Amino acid sequence: MPTQRFPVSPKHSRNTNFQTRGKFMKVAFIGLGIMGSRMATNLAKAGHSVCVWNRTPEKSASLVSVGCVPAASLTKAVKDAQVVITMLSDPQALRDVALGQGMVDAMEWGSMWIDCSTIDPATSRQLAANATNRGLHFLDAPVSGSSGAAANAKLVFFVGGASEDIETARPLFEAMGSRIVHAGPQGSGASLKLVNNLFLAQAQAAWSEALGLAELFGLSHQTVNDAILPTHVAPAFLGFKRSKIEAREWSPEFPLKHALKDIRLALTAAKNAGMDLQQLTAAESLYAQALSRGFGDSDISAIHEIASRG
Ligand code: NA7
């Protein structure tokens, strides 16, 4: 289905001829890491036409078996796509791909860019403006849920942008997730995600500190886990990490380096707004220690190796 061209003026960018509505769409998926590879797979399984591109090409080739089509280049991947989805590691990678490597310029006027990477709200709003000036529709849509939720299409999307754009993208969100939260205008999805991860990273570290104290008191992990995890005191995700901590098995569901990246994005965004996040500053120091001890590519729960030791 061809997309319609329309004037570049932002005034006209909410084009009524925008042609991505419909169940099956032509999608380009950019960034096939832990999350992106699973999300692209679910889009293909749901019947969408999915062209994929990744900096390391082997990851694209590995998705051929699930129906994705590797593109010869980034710009070829996005050229004819109705919707381009990015799932990249951080703001610098996203800026480099979107602007430096010409993704935005190569996209068809009137098509849509959905960014699912976890980045700061200011960068997200800046890229939204670039997209709008280029005649694109833009949603920031980072996700709650890590590799398991991505594989099982149970992600929760925190979305910033126009309601009509969300409706257009709904079949895609539904193929990859179980819930859409419309947080507000562009940049609001990124804001909500940093709020989410500020809590997540600190709760994970606080739980390990609690387990460390429990050990000192002579309480077994089993006693503490059995007593506290089922109560309202403990966030549900800590229960999902129980077996990893018990086995000290740190294969990544959500890499610790990305948790540290999000902590730093939140600290900077808060500082720029005049707020000093004191608890998060303490957490940053723990996560930075974990990174320097070689746990960057381990799961976030590997913070246990630092936080439980005091
Ligand atoms: P991963 O598994 O670390 O994947 C990161 C992806 O970003 C991967 O495809 C990388 O390509 C890609 N990347 C990183 N830097 C660049 C640059 N400079 N240019 C192009 N591509 C790049 O992360 P997750 O899938 O767990 O998470 C993705 C996002 O969701 C992240 O923001 C998390 O915080 C949440 P590579 O394969 O290394 O060539």
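Colleague: Which helix gives the largest share of the shell around the ligand?

Modeller: Helices (H or I, at least four residues) and strands (E, at least two) are DSSP runs, numbered from the N terminus. By that numbering, the element with the largest share of the shell, three residues, is α4.

Colleague: Before we go on, what should I know about this model and how residues are numbered?

Modeller: This is a predicted model, where local features need pLDDT of at least 70 and side-chain atom pairs count only at pLDDT 80 or more, while totals for chains, interfaces and linings use all residues. Side-chain values use heavy atoms, with hydrogens and water left out, and along each chain, as its sequence is written, residues are numbered from 1.

Colleague: Which residues come nearest to the ligand?

Modeller: A residue goes down as near when one of its heavy atoms lies within 4 Å of the molecule. There are 20 residues around the ligand, and the ones that come nearest are M35, N54, T56, K59 and K261.

Colleague: How far is the polar side-chain atom of N54 from an oxygen atom of the ligand?

Modeller: Let's take a few ligand oxygen distances together. From G33, a backbone N or O atom lies 3.4 Å from a ligand oxygen, and R55 has an N or O atom in its side chain 2.9 Å from one. For the polar side-chain atom of N54, the distance is 2.7 Å.

Colleague: How much of the ligand's accessible area does the protein cover?

Modeller: Accessible areas come from the Shrake-Rupley method with a 1.4 Å probe; for residues, only the protein chains shown count as cover. On its own, the ligand has 790 Å² of accessible area, and the share that the protein covers is 88%.

Colleague: Which elements give two or more residues to the shell around the ligand?

Modeller: The space that the ligand takes up is the largest pocket. Two or more shell residues come from each of α1 (34–45), α4 (91–100) and α13 (256–272).

Colleague: And what counts as a pocket, and as sitting in one?

Modeller: On a 1 Å grid over the protein atoms alone, a cavity is a set of points where a 1.4 Å probe fits but cannot get out, while a pocket is an open set with protein on both sides within 12 Å along at least five of seven lines; lining residues have an atom within 4 Å of a point. A molecule sits in either one if more than half of its atoms lie within 2 Å of its grid points.

Colleague: Is L94 buried or exposed?

Modeller: L94 is found in helix α4. Buried means under 20% relative accessible area, exposed over 50%, and partly exposed in between (1.4 Å probe, protein chains only). L94 has a relative accessible area of 0%, so it's buried.

Colleague: Which residue's side chain makes a polar contact with the side chain of N197?

Modeller: N197 lies in helix α9 (residues 188–216) and is buried, at 5% relative accessible area. A polar contact is a pair of N or O atoms within 3.5 Å; within protein, one must be able to donate a hydrogen and the other to accept it, and residues adjacent in sequence count only if both atoms are side-chain atoms. At 2.7 Å, the partner of the N197 side chain is that of D262.

Colleague: How many salt bridges are there?

Modeller: A salt bridge here is a side-chain nitrogen of Lys or Arg within 4 Å of a carboxyl oxygen of Asp or Glu. Going by this rule, the count is 13.
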